[in-house]
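I opened the model to look up its ligand sites. My entries follow in the order in which I made them.

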Amino acid sequence: MGKTLTFLGIEASCDDTAAAVVRLDSGGGATILSSVVEGQAALHAAFGGVVPEIAARAHAEKMDHVVEAALADAGLPLAALDGIAVTAGPGLIGGVLAGLMTAKGLSAATGLPLVGVNHLAGHALTPRLTDGIGFPYLMLLVSGGHCQFVAVTGPDTFQRLGGTIDDAPGEAFDKVAKLLGLPQPGGPHVEREAAAGDPARFRFPRPLLDREGCDLSFSGLKTAVLRARDEVIAAKGGLTVQDRADLCAGFQAAAAEVLAVKTGRALAAFPAPVLAVAGGVAANAAIRARLEGVAAAAGARFLAPPLQLCTDNAAMIAWAGIERFRLGGRDGMDLPARSRWPLDGEAAPMIGGGKRGAKA
Ligand code: KG4
Ligand code: ZN
């Protein structure tokens with residue numbers, strides 16, 4: 001039997017202002033006592049992407065209320081906590097700073113320990129929060145800002161097996177949606193259209209399948225969709241509903257196949273008992289089904305945390321803070337905000353990190 005630990009988590013590295021209270025109970029299980037996420041989609045909608053300055057200001061404005069709401073939902077005063085965990089990067093620097101300043105202020109005022117957390121470690125450790133799994137496992141992060149395979153061997157030991165060399169898959173879904181006149185965020189809309197489409201009509205490229213290893217690329221795929229769209233428009237003067245559905249289906253099939261093949265390779269390189277996924281793209285049923293199949297073929301359990309814990313949230317930050325704290329992790333008032341902070345310091349730097357804010 002260990003000690004109970006209750007942490008406040010704070011997250012503000014992209015476009016969600018989030019705070020949560022998580023408790024590690026004496027038996028080793030975890031309970032999410034509260035999790036508050038305030039999105040900013042409406043503020044950025046007119047710009048077709050996250051505007052860093054608008055995001056930073058919104059975080060600064062919302063943060064106090066979000067923290068208060070998380071404590072109120074948990075029914076706990078600050079004095080009942082054992083520590084404060086905060087995303088210290090990677091992400092949009094203005095938002096990271098807004099979170100960090102709040103956490104430092106609370107820590108200075110209460111004397112509670114401060115623990116800086118890598119946002120990607122938060123995603124990567126989520127299956128331990130939700131399902132209590134042990135090490136090792138393979139994590140696939142697939143969202144609008146992340147795309148990487150991570151071998152997780154301990155709370156603080158991550159090996160990056162590969163990732164995107166340009167766009168993240170969610171970013172590709174969003175761009176495809178945009179060029180087909182669908183609303184943002186585009187993923188769910190593309191998926192809905194694809195359900196009525198013929199995935200075989202347009203044969204889009206499967207980027208980097210010919211290259212060894214687990215690196216992925218989505219930028220050329222998006223350009224191929226643009227070209228196919230323009231060819232149809234040039235030939236027919238416009239797109240029918242069926243054309244659009246077929247373009248979505250072809251794109252989704254290509255994205256799903258690339259992710260499936262590369263996941264198979266990652267599992268071959270790192271034969272873990274569990275394949276876990278996180279990120280908004282994990283919500284895609286077609287992609288999820290392919291990944292489940294790959295995991296089953298490799299004899300691995302497939303694990304996808306509930307969607308609200310797959311996407312950005314502060315419960316994962318509180319939990320990752322607890323995990324670091326148990327290893328002796330503590331930070332001082334000099335804890336820096338980092339726009340770039342690779343999970344695996346040994347991995348070669350990536351060419352691109354995703355337009356959403358260079359997550360890794
Ligand atoms: O993890 P997330 O909420 O935020 C970050 O990007 O950090 O992921 C959002 C991304 C968006 O690009 C969105 O289009 C994509 O996940 N997404 C999907 C689906 N639902 C959300 N992509 C494909 N299919 C979906 N059903
Ligand atoms: Zn994230």
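I sorted the shell around ligand 1 by class and got 5 nonpolar, 10 polar and 4 charged residues. I took Ala, Val, Leu, Ile, Met, Phe, Trp, Tyr, Cys and Pro as nonpolar, Asp, Glu, Lys and Arg as charged, and the others, Gly among them, as polar.

The model is predicted: local features need pLDDT of at least 70, side-chain atom pairs count only at pLDDT 80 or more, and totals for chains, interfaces and linings use all residues. Residues are numbered from 1 along each chain as its sequence is written, chains are lettered from A and ligands numbered from 1 in the order in which they are written, and side-chain values use heavy atoms, with hydrogens and water left out.

Ligand 1, neighbours. I found 19 residues around ligand 1 (a residue is near if one of its heavy atoms lies within 4 Å). The closest are Gly-144, Asp-174, Gly-187, Glu-191 and Gly-280. Helix H5 (169-179) and helix H6 (187-195) each supply at least two residues of this shell. Helices here are DSSP runs (H or I, at least four residues), numbered from the N terminus.

Ligand 1, polar contacts. I looked for pairs of N or O atoms within 3.5 Å. An oxygen atom of ligand 1 is 2.7 Å from a polar backbone atom of Gly-144. For a polar backbone atom of Gly-280 the distance to a ligand oxygen is 3.0 Å. I also noted a ligand oxygen 3.5 Å from an N or O atom in the side chain of Ser-143. On its own, ligand 1 has 550 Å² of accessible area, of which the protein covers 89% (Shrake-Rupley method, 1.4 Å probe).

Zinc ion (ligand 2). Which protein atoms are its donors? I listed NE2 of His-119, His-123 and His-146, and OD of Asp-312, at 2.1 to 2.3 Å. Donors are N, O and S atoms within 2.8 Å of the metal (3.2 Å for Na, K and Ca); water is not among the atoms, so the site may look incomplete. The spacing in sequence reads H-x3-H-x22-H-x165-D.

Helix H4. His-119 and His-123 are about one helical turn apart because they are 4 residues apart in helix H4 (residues 119-131). I checked burial (under 20% relative accessible area, 1.4 Å probe, protein chains only). His-119 is buried at 0%, and His-123 is buried at 1%.

Technical notes
Buried < 20%, exposed > 50% of the residue type's maximum accessible area, 1.4 Å probe, protein only. Polar contact = N/O pair within 3.5 Å; in protein donor to acceptor, adjacent residues only side chain to side chain.
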